[in-house]
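Take a look at the structure below. This report goes through it part by part.

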Amino acid sequence: PIKSSAASDVYKRQIMKKYIISAFALFTLFTTSGCQDWLDVNHDPNVLEEIPDGKVLLPAAEVNLGNSLMGWDFGFAGGFWSEYWTQKYMASQFKSICEYTETSFSTAYSNLTAGVLKDLKEIKTVAEESGNTGNYFVAEALSIYTWQILTDVWGSIPYSEALQGAEGIVSPKFDAGEEIYADLMARVDALLQTDLDGAQIDGEYDFIYGGDLGKWQLFANSLKLKLMMRLSETSGYNNATVVSFVDNNAFLTQSACIPGSYWSDGQEGKRHPMREFEAGGAGYLTTNVIACKNFLDYLANNNDPRLDRLFKIADTKTGWRGAFFGDFDSKEASDGSTSDDQVKYCTIRFTGDMDLMIMSNWEVCFFMAEAYARAGRHADAKAAYEQGVKASLSQHGISDHSILDDGYAAWKDGTVEEEIKQIAMQKWVANANYQHIESFLERNRVKYPAIYDVDIKMDRPGAYADLKIVGNLTVSVKGRARLNNSLPASPIYPTSILTTNENSPEQKQNIGEKVWWNQKKEVIIK
């Protein structure tokens with residue numbers, strides 16, 4: 001037994017180090033495993049069965065959550081489906097994602113359930129037993145956030161009976177998305193009533209906010225706002241209630257993220273997940289991914305200073321060049337001048353000290369702006385919108401705000417729909433390289449960027465200079481038939497769910513099935 005405080009501190013550091021290493025080891029395992037299923041929602045062999053203090057699990061939970069959001073499944077698929085990126089024509093690693101082949105995101109599902117949520121549940125259990133309100137508050141906030149991501153992505157999932165293998169529930173029932181949301185809202189309301197007077201959390205174990213519970217309270221407020229806004233197209237949405245909540249509460253101004261200072265960019269397995277794909281041995285990012293014309297030209301044509309923070313010019317002679325999304329049938333370059341193998345497309349830029357985002361300050365500003373826009377409060381919407389754009393620019397180290405003053409991002413009072421589009425388009429830009437799955441989900445909700453109905457294969461001569469492609473999404477060549485000329489809406493269920501859970505539903509027909517809150521009609525440009 002360890003009795004002295006000094007020895008206890010040494011022991012705690014050793015435990016924390018073990019879990020930090022475990023987090024990175026798990027990430028390395030997932031990134032090298034690719035499409036394998038690692039799903040086991042009832043037992044996680046990487047978690048100690050008995051721990052002296054739940055806080056020792058917090059570093060692993062935070063890092064694993066960040067890795068899941070911008071790692072193997074969500075980072076890549078979200079980047080492709082948001083049409084920031086497309087697959088190189090001569091490569092094949094992500095061709096299936098670009099062509100809308102059924103995909104389950106099994107790695108992300110496994111990591112979020114058997115990893116993140118299991119660790120957070122253990123932290124809460126120990127915190128309740130010891131009366132540690134601070135640890136419980138942080139773990140519950142992250143747990144609500146993680147469940148929200150899971151149900152937003154897959155829809156109906158095991159929730160009320162999930163993670164109860166020790167209690168004998170090995171086939172948890174699937175709960176409807178509406179029911180899960182109702183419970184998550186009740187949980188966040190209860191969390192916000194927590195008395196944190198005198199509560200503490202050891203900052204050494206909290207990578208996100210360094211133990212600052214005041215910032216975690218703002219995170220919880222922001223999480224509730226996110227849950228409320230996700231329902232904007234459902235009958236359960238009440239904008240007056242949302243605006244009242246915004247008017248009477250404070251929200252995060254410092255993004256919730258794993259700071260870039262935590263990475264060891266020169267060491268395999270200890271980099272930002274996308275840097276791992278860029279600089280690590282796998283090389284998936286560098287050998288497979290190029291800029292998508294839809295997004296890259298939107299930035300370049302509008303002189304957005306974030307362009308060179310997101311992409312690298314591969315050939316100074318041709319400059320900023322992106323490719324048509326999901327276009328593998330033709331070998332012609334995207335400007336019709338020559339063949340694909342004769343040109344170099346822009347590649348993706350990630351730095352070694354890049355923050356790994358959980359919830360950004362810009363997304364919260366854009367949520368507030370949208371609520372005000374729906375209420376017709378133009379000045380308030382403008383102020384929140386501009387804060388969001390400035391927050392994104394600041395994230396990239398840019399102090400020049402000219403795109404807001406006299407550039408393409410300058411606010412224009414308009415109809416509710418026009419203002420929602422303005423906000424959504426800047427959210428699309430801000431989320432690039434930081435929040436890909438969030439970008440995918442938000443586009444599904446508000447339907448901006450819109451779909452430009454052009455058949456790249458059939459209309460290729462006209463598409464080369466077609467400006468309607470810029471700043472809109474196009475359906476991939478093979479995807480037109482697979483999803484009836486529409487975009488992906490949700491992944492299918494991982495095979496492990498269907499084969500091990502007696503209460504599993506029928507498999508989804510394709511990745512076009514919408515989750516329950518995805519109700520707005522597509523905005524289609526002809």
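## Phenylalanine 311 and the nonpolar cores

Phenylalanine 311 touches Tyr84, Trp85, Ala291, Phe295, Leu296, Leu299, Trp320, Cys346, Thr347, Ile348 and Arg349, leaving aside residues up to four places away in sequence. The model is predicted. Phe311 belongs to the largest nonpolar core, which has 151 residues. Phe76, Trp85, Phe219 and Phe311 have the most contacts inside that core. Helix α6, residues 133–154, gives the most to this core: 12 residues.

There is a second, separate core of 8 residues. Tyr452, Val454, Ala463 and Ile469 are among them. In soluble globular proteins, nonpolar side chains tend to be buried together.

## Cysteines

How many disulfides does the count come to? The count is 0. Take cysteine 98. The closest cysteine sulfur to its own is in cysteine 292, 8.4 Å away. A disulfide needs the two sulfur atoms within 2.5 Å, so the sulfur of cysteine 98 is too far from that of cysteine 292 for a bond.

Is cysteine 98 buried or exposed? Cysteine 98 counts as buried, because its relative accessibility is 0%. Cysteine 365 counts as buried too, at 9% relative accessibility. The cut-off for buried is under 20%.

## Helices α17 and α18

Two packed helices are described by the angle between their axes and the distance between the axes. Helix α17 covers residues 416–431. Helix α17 and α18 pack at an angle of about 165°, and their axes are 9 Å apart. That angle makes α17 roughly antiparallel to α18, because the cut-off is over 145 degrees. The crossing of α17 and α18 is left-handed. On the α17 side, Ile420, Ala424, Lys427, Trp428 and Asn431 make the contact. On the α18 side, the contact is made by His436, Glu438, Ser439, Glu442, Arg445 and Val446.

Helix α18 spans residues 436–446 and is mostly covered. Of its 11 residues, 11 are buried. After α18 comes lysine 447, with a positive phi near 70°.

## Glutamate 233

Where does glutamate 233 lie? Glutamate 233 sits in the loop between α8 (213–230) and α9 (239–247). Glutamate 233 is partly exposed, with a relative accessible area of 22%.

Glutamate 233 and valine 446 are 213 residues apart in sequence. In space, their C-alpha atoms are 8.1 Å apart. Glutamate 233 touches Arg374, Arg445, Trp517, Gln519 and Lys520, leaving aside residues up to four places away in sequence.

Methods
Residues numbered from 1 in each chain as written. Predicted model: local features only at pLDDT ≥ 70, side-chain atom pairs only at ≥ 80, totals over all residues. Heavy atoms only, no water. Buried < 20%, exposed > 50% of the residue type's maximum accessible area, 1.4 Å probe, protein only. Helix = DSSP H or I, 4+ residues; strand = E, 2+ residues; numbered from the N terminus. Core = buried A, V, L, I, M, F, W, Y, C linked by side-chain atoms within 4.5 Å. Contact = heavy atoms within 4.5 Å. Axes fitted to C-alpha atoms, helices over the stretch in contact; angles between N-to-C directions. Parallel < 35°, antiparallel > 145°, perpendicular 65-115°, else oblique. Left-handed = near helix turned anticlockwise from the far one by under 90°.
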